[in-house]
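Thanks for coming. Please have the viewer open.

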Amino acid sequence: MSSVARSVKPVGQVLAFPLRQRVSAWVSSSALTRRGLTRPEEDRRSLPGTVGCKTFCSRMALREGLVFRQLYESSSSTYTYLLADSESAEAVIIDPVLETVERDLMLVNQLGLTLKIAVNTHCHADHVTGSGQLKRRVTGLQSAISRFSGASADLLLAEGDNIPFGRHVLTVRETPGHTDGCVTLVLGDQSLAFTGDTLLIRGCGRTDFQQGCAKRLYDSVHQKIFTLPDQCLVYPAHDYKGQTVSTVGEERRFNPRLTKSLEEFIDIMNNLNLKKPSKIDVAVPANLVCGLHDL
């Protein structure tokens, strides 16, 4: 059980009301030896900071001490997330896309950030990750992906790993089912969760290829995501209907698939009859090496 201190107050209307939170971030004494990762059981010291009162919106949440941007790639309907500590300028990028590397780097440079880690929530089948191109362009940048993904990267993530950036931290929760290597990344105060393809807004990732398993996905969501606070904001890797953010409480109540029984959910997932992603034959081989090979 992580010792990260949490104090999360309720969010009213997510897109209209301000959120005031207090975040305690933790830095491990062994972080350097683990190349940027810490585990909850390791010795830590706290660096408390008060987060100011700001308004969350679908494209930007700027809080004192935390910079957050939600970015979009239209051809694959993919969201990329940029998070940074405003004091140290250390930044993490989640699910970068090859086609938008220039845009993302321009934003990083404009904001004066130092990109430390590029994290993939899983081995995507519908687009090529931008991790490889980012590593070529940013000195010292490390790629990260689940150890169960079958992909190679600088950092192989496991349950409970912490990804620190300045005073903040993302904690890894293994949420397989869409693929074996799916993870959800949770901000230290449990106010934000980046769910990849495991949990979408009023939906979930498909389970008919890439080690997909409906039962594992159902268990992952109910055990690892739906156990987060109701007001925790849910930011998925994709949305196909123009939605940008949800909450754990909303999805627990209104998700048309994951509110069903396990048996009903499995039946739904077994009868989706979806076409395979158009880029799967290119994307999967490229993403197994985090996009490092030239295409």
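On one side of α1, Glu102, Met106, Asn109 and Gln110 are exposed, exposed being over 50% relative accessible area, buried under 20%, and partly exposed in between, with a 1.4 Å probe and protein chains only. Before going on, the ground rules: this is a predicted model, where local features need pLDDT of at least 70, side-chain atom pairs count only at pLDDT 80 or more, and totals for chains, interfaces and linings use all residues. Residues are numbered from 1 along each chain as its sequence is written, and side-chain values use heavy atoms, with hydrogens and water left out. Helices (H or I, at least four residues) and strands (E, at least two) are DSSP runs, numbered from the N terminus.

Which residues of α1 are buried? In this helix, residues 101-110, they are Val101, Asp104, Leu105, Leu107 and Val108. They sit on the same side of α1 because they cover an arc of only 160 degrees around the axis, taken from the directions from the helix axis to the C-beta atoms. In general, an α-helix has 3.6 residues a turn, so residues three or four places apart point the same way. The cover over the buried residues of α1 includes β7 (66-73), β8 (78-85), β9 (90-94) and α2 (131-137), where contact means heavy atoms within 4.5 Å. Just after α1, Gly112 has a positive phi of about 70 degrees.

Now β9. Four of its five residues are buried. β9 pairs with β8 in the antiparallel sense over four bridges; pairing requires that DSSP finds at least two bridges between two strands. On the other pairing, five bridges join β9 to β10 (residues 114-119), and these two run parallel. Ala91 has Ala84 as a bridge partner and stands opposite Leu115 in β10. The β-α-β crossover from β9 through α1 to β10 is right-handed, that is, clockwise from the first strand over the helix to the second with the strands pointing away from the viewer.

Last, the rings. The structure holds nine aromatic pairs, meaning Phe, Tyr or Trp rings (six-membered ring for Trp) with centres within 6.5 Å; planes under 30 degrees apart are stacked, over 60 edge-to-face, the rest tilted. Phe68 and Phe194 form a tilted pair, 5.9 Å centre to centre with 55 degrees between the planes. Both are buried. Tyr81 and Tyr235 are edge-to-face, at 5.5 Å and 65 degrees.
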